[in-house]
Amino acid sequence: MPRPSSSDPAQAAPLVEARGVCVRFGRLSVLDNVDVAVRPGEIMTLVGLNGAGKSTLVRVILGIVKPDSGEVRRAPGLRIGYSPQHLHRDQILPMTVRRFLTLGGPATPDRLAAALDEVGAGSIVDFPLAEISGGELQRVLLARALLREPGLLVLDEPLAGVDVTSQSDLYKLIATIRDRYGCAVILVSHDLHLVMSDTDTVVCLNRHVCCSGQPQSVVRHPEFIALFGSHLADTLAVYQHMHDHRHDALGEPMAAESVAAQDSGHTGRRPC
Amino acid sequence: MLEDFFLRALAGGIGAAIAAGPVGCFVVWRNLAYFGTALAHAVLLGVALGFLLDIAPILAVFAICLLLALCLLLLERQRYISVDALLGVLAHAVFAGGLVVVAFMERLRVDLIGYLFGDILAVGVFDLWLIFATAVIVIAALAWQWRNLLSITVNRDLAAVEGVPVERVRLLLLFLLAAVIAVGMKIVGMLLVVALVIVPAAAARRMATTPEQMAVASTVIGIVSIVAGLFSALEWDVPGGPAIVLVASAIFALSLLLPVRGRAGRAD
């Protein structure tokens, strides 16, 4: 399968670039001097614990939150397809999947059918949105994002509420979509160590960028396959964190001296 | 033969129900019931200020509701107090303020019960004009922004990414809610006006499979409640506002007997 990202994505101009982004809510610093860039065709996985600022960074990238300082540049004419983490889907609102898909903009029945087929959700088009499963909802959200013909897909925790066996199918689907349309993908995950195997770059966030790098393929590790089965192992990769600092119990970065003191002389980058 | 005042009451009630029906749907979809209650608490202050400034009470009420809605929108951006607590503080502060101002005004004291519980039989010709103008404006504005309103109801961020001016659309909805409360308080009073907004919408849920059907059903249920409530009031000599709300509540209770239309027949 063609991999647009394999033609050295580092060469291309970024679709979105955040530089020195700081966001504060009152006195609480949520993002501190964050730099990220995503290039055409690249899959970036944003990992971090709850409260690490992942969703805030996503909202900065989408242009919904204005950073207190720093800048965000988007490629001119960039269309973003977004899949939010939470969707207010209540029984009180009568809305079918079909209707939900056309809320983003008018779509011909053909395009609607094509988008739903693409994500494998054609059979639920007339079901109430409030009654489909978590996995079906993620596919529907992907379809709505695809209808915008996006250059960048931003998926906030697409595995939330999806059962384990469907998770790898969803990862495969995202990879297929990237390969077919060549769009870049920003994927948010709270799993610090297992990321989608097609990920080009992992960014570990804890209010600032702790580390970033490439995941290691785990497909060939027999122990991993024994543990999760080859179906799951195909879609996952391990990310080895390389932090050059540590966090105290409150999550604040510790000064280099105190880290050094704790480690009795070890310096430099180390896995966390 | 029906008296003129009764026909005016019917017409005024129907006009208010037309405005309240679809707005009420957004109130139940977006969990704005408490927001509406807070706005209704500002009614008394609006009436008092209307008398002080010598403008129609219904206009003064609309202005003060709108002002309160704007305050809430601005205060919502801070993160120290939850919106829920904030609504509670503001609602009762403006209500107490209204009571104090009214106490200073001898002339108004006799009307207090009328504003608390509504006085549908006192609807005048000027009120009718205002009510129907409001209904036309509300329906036109909803039709104009319908898709954007639905879009922010499902997910604000998704709507924003797709180019919906989220803040302006939210402001429009609160503006329409303030207008509905200002005219509705004339019909059923400030204590029951939120019922006029949310009960028909809630009752409409099981009769609808699309948002539009629900908005229409909500309007029809509102009109039926007004007509049946007013005739009951006439027949049994009970107050009009409470009779209307009771009829709407009875329809809601009956609607619960309707089957839920779900993804029936799905094999999984």
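**Figure 1. The contact between chain A and chain B in the predicted model.** In this predicted model, chain A and chain B meet through 22 residues from chain A and 22 residues from chain B. On the side of chain A that touches chain B, α1 (54-62), β5 (80-83) and α2 (97-103) of chain A each supply at least two residues, and the largest share, 3 residues, comes from α2(A). Sorted by class, this side of chain A is made up of 15 nonpolar, 4 polar and 3 charged residues.

**Figure 2. Helix α4 of chain A and the elements that its buried residues pack against.** Helix α4(A), residues 134-146, has 13 residues and reaches 18 Å from its first C-alpha to its last, which is close to the 18 Å expected at 1.5 Å a residue. Because 11 of the 13 residues of α4(A) are buried, the helix is largely enclosed by the rest of the structure. Among these buried residues are Leu137(A), Val140(A), Leu141(A), Leu142(A) and Leu146(A), and they also include Glu136(A), Gln138(A), Arg139(A) and Arg144(A). The packing partners of the buried residues of α4(A) are β5, α2, α3 (109-119), β6 (152-156) and α5 (164-181) of chain A.

**Figure 3. The crossing of helices α1 and α12 in chain B.** The axes of α1(B), residues 4-29, and α12(B), residues 211-236, come within 8 Å and cross at roughly 155 degrees; the two helices are therefore roughly antiparallel to each other, and their crossing is right-handed. The residues of α1(B) that take part include Phe6(B), Leu10(B), Gly13(B), Ile14(B), Gly21(B) and Cys25(B), while those of α12(B) include Met214(B), Ser218(B), Gly222(B), Ile226(B) and Leu230(B). Counted over both helices, the residues of this contact divide into 17 nonpolar, 6 polar and no charged.

**Figure 4. The crossing of helices α2 and α5 in chain B.** Helix α2(B), residues 33-41, and helix α5(B), residues 83-103, have axes that come within 8 Å and cross at roughly 20 degrees, and α2(B) and α5(B) are therefore roughly parallel to each other. The crossing in which α2(B) passes α5(B) is left-handed. From α2(B), the residues Tyr34(B), Phe35(B), Thr37(B), Ala38(B) and His41(B) meet Asp84(B), Leu87(B), Leu90(B), Ala91(B), His92(B), Val94(B) and Phe95(B) of α5(B). The contact of α2(B) with α5(B) comprises 8 nonpolar, 3 polar and 1 charged residues.

Technical notes
Residues numbered from 1 in each chain as written. Chains lettered and ligands numbered in written order. Predicted model: local features only at pLDDT ≥ 70, side-chain atom pairs only at ≥ 80, totals over all residues. Contact = placed C-beta atoms within 7 Å. Helix = DSSP H or I, 4+ residues; strand = E, 2+ residues; numbered from the N terminus. Nonpolar A, V, L, I, M, F, W, Y, C, P; charged D, E, K, R; others polar. Axes fitted to C-alpha atoms, helices over the stretch in contact; angles between N-to-C directions. Parallel < 35°, antiparallel > 145°, perpendicular 65-115°, else oblique. Left-handed = near helix turned anticlockwise from the far one by under 90°. Expected span 1.5 Å × (residues − 1). Buried ≥ 20, exposed ≤ 12 C-beta atoms within 10 Å, placed from the backbone.
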